[in-house]
Amino acid sequence: MFKRILTAGLASVLGLAASAAMAEPVQLKLAFFNADTDSTWTGVLRPFMEAVNADGKGIIEIQGYPNGALSRNAGQQPQVVLDGVADIAFATLGQSAGRFPNNGVLELPGIFSNITESSYTFTRLVAADKLKGYSDFVVLGAFGGDPSGIHMNVPISSYKDIAGKKIRATNPTEALTLRRLGAAPVVLPTPETVEAIARGTVEGTAMQSAPVVDYGIDRVVSHHYYGRFSNAPLAVLMNKEKFESLPAPAQEILRKYGGEWMADRWIEATGGANDRAVAKFKADPKQTVVYPSEAEMAELKTIYKDVIDEFTAKDPHNKELLADLQKTLEEVRADRPVR
């Protein structure tokens with residue numbers, strides 16, 4: 001009798017052990033609103049998924065959904081995550097109106113010199129919990145870009161040439177900067193830009209160079225002017241409730257390949273794509289590439305200072321945000337090599 005009980009108990013224990021060993025890894029869905037040929041997908045999101053899936057074998061597995069399979073609306077990606085349509089999503093934060101109220105400090109003109117500065121400063125500000133709006137998310141990746149250029153379907157040799165022109169902007173702060181420069185800004189999602197230029201809704205766009213190629217905007221513009229106009233913060237967001245429901249080893253793996261690890265991939269992939277895009281424009285005799293003279297850059301900095309002063313005057317907290325950003329930027333410049 002005792003032998004039968006012992007045998008049955010042993011079998012039960014072994015069965016539980018076998019079930020645990022055969023347990024399926026936690027499955028997560030990652031949404032990307034653009035094509036799987038985009039440099040963000042090939043150079044950042046896919047390597048992130050591959051690293052997590054390899055390191056988390058049997059613990060966690062991410063399935064990617066590019067090409068807008070879960071949602072094509074760039075501005076709705078944070079809500080897609082909160083609604084559980086996806087667990088993780090790449091988001092263009094400036095197009096999620098009002099959701100991230102402190103991000104304006106990251107969008108100010110003339111602050112950043114390159115993609116390394118903008119991406120690491122944002123990454124560290126988020127890690128230090130300096131920015132409001134992220135309480136429902138875990139920020140796995142926080143990115144900036146090389147400062148925006150203006151890409152037009154009409155000649156532009158000076159910032160003064162955009163006066164009265166309708167220019168697509170990524171976010172409200174960029175729109176404010178363009179307005180101060182005399183343009184008529186129109187905030188539009190990036191995927192709508194080609195059609196807007198082709199139809200004459202706008203005559204150009206402010207953005208960094210890689211998306212001009214990735215989205216086919218270079219088919220409808222031929223003049224490029226680089227004046228460090230703005231920065232567009234982007235992020236890989238995860239539903240915080242979902243993250244906290246994961247076993248500790250899965251959380252650790254996600255954090256391991258988030259943060260500065262993912263920022264490095266972004267800088268390499270998108271920074272390289274920006275460089276290749278500019279080289280492509282310069283090599284094409286039908287395209288023109290212009291950088292402001294030293295004197296014109298001084299004029300632009302005066303206008304940018306007005307935009308920055310307006311931002312800090314809006315809210316006492318904005319002055320604190322700018323001080324935090326500048327302190328963090330100094331640290332980044334001291335310890336991170338520029339791409």
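## Buried helix, sheet and aromatic pairs in a predicted model

In helix 6 (residues 172–180), the residues T173, E174, A175, L176, T177 and L178 are buried. Buried here means under 20% relative accessible area, while exposed means over 50% and partly exposed lies in between (1.4 Å probe, protein chains only). Helices (H or I, at least four residues) and strands (E, at least two) are DSSP runs, numbered from the N terminus.

This is a predicted model, in which local features need pLDDT of at least 70 and side-chain atom pairs count only at pLDDT 80 or more, while totals for chains, interfaces and linings use all residues. Residues are numbered from 1 along each chain as its sequence is written, and side-chain values use heavy atoms, with hydrogens and water left out.

The cover over the buried residues of helix 6 includes helix 4 (104–107), strand 5, strand 6, strand 7, strand 8 (204–207) and helix 12. After helix 6 comes G182, whose phi is positive, near 100 degrees.

Six strands make up an open sheet with mixed pairing, in the order 7-6-8-5-9-11. Its edge strands, strand 7 (184–187) and strand 11 (288–290), each pair on one side only. Two strands pair if DSSP finds at least two bridges between them. On average, neighbouring strands of this sheet are turned by 25 degrees against each other, direction ignored. Strand 6 (residues 166–169) and strand 7 run parallel and are joined by four bridges; K166 has A184 in strand 7 as its bridge partner.

Helix 11 (residues 259–283) packs on the sheet and touches strand 5 (149–152), strand 9 and strand 11. Contact means heavy atoms within 4.5 Å. The direction of helix 11 makes about 130 degrees with that of strand 9. Axes are lines fitted to C-alpha atoms, for helices over the stretch in contact, and angles run from 0 to 180 degrees between N-to-C directions.

**Strand 3**

How many residues of strand 3 are buried? Five of its five residues are, and the strand is mostly covered. I88, F90 and T92 lie on one side, A89 and A91 on the other, and both faces are covered. Strand 3 runs parallel to strand 1, with two bridges between them, and L30 stands opposite I88. With strand 10, strand 3 pairs in the antiparallel sense over five bridges; here A89 stands opposite L237.

**Aromatic pairs**

A search of the whole structure finds 13 aromatic pairs. Rings of Phe, Tyr and Trp (its six-membered ring) pair if their centres lie within 6.5 Å; planes under 30 degrees apart count as stacked, over 60 as edge-to-face and the rest as tilted. Two of the pairs are listed below.

| Pair | Distance between centres | Angle between planes | Kind |
|---|---|---|---|
| F33 and F90 | 6.1 Å | 40 degrees | tilted |
| F229 and Y304 | 6.5 Å | 75 degrees | edge-to-face |

F33 lies in the loop between strand 1 (26–31) and helix 2 (39–55) and F90 in strand 3 (residues 88–92), so this pair ties together parts 57 residues apart in sequence. F33 is buried at 6% relative accessibility, and F90 is buried at 4%.

F229 lies in the loop between strand 9 (223–226) and strand 10 (234–239), while Y304 is in helix 12 (residues 294–314), so the pair ties together parts 75 residues apart in sequence. F229 has a relative accessible area of 1% and is buried; Y304, with 2%, is buried too.

One aromatic cluster is formed by F32, F33, W41, F90, F143 and W266.
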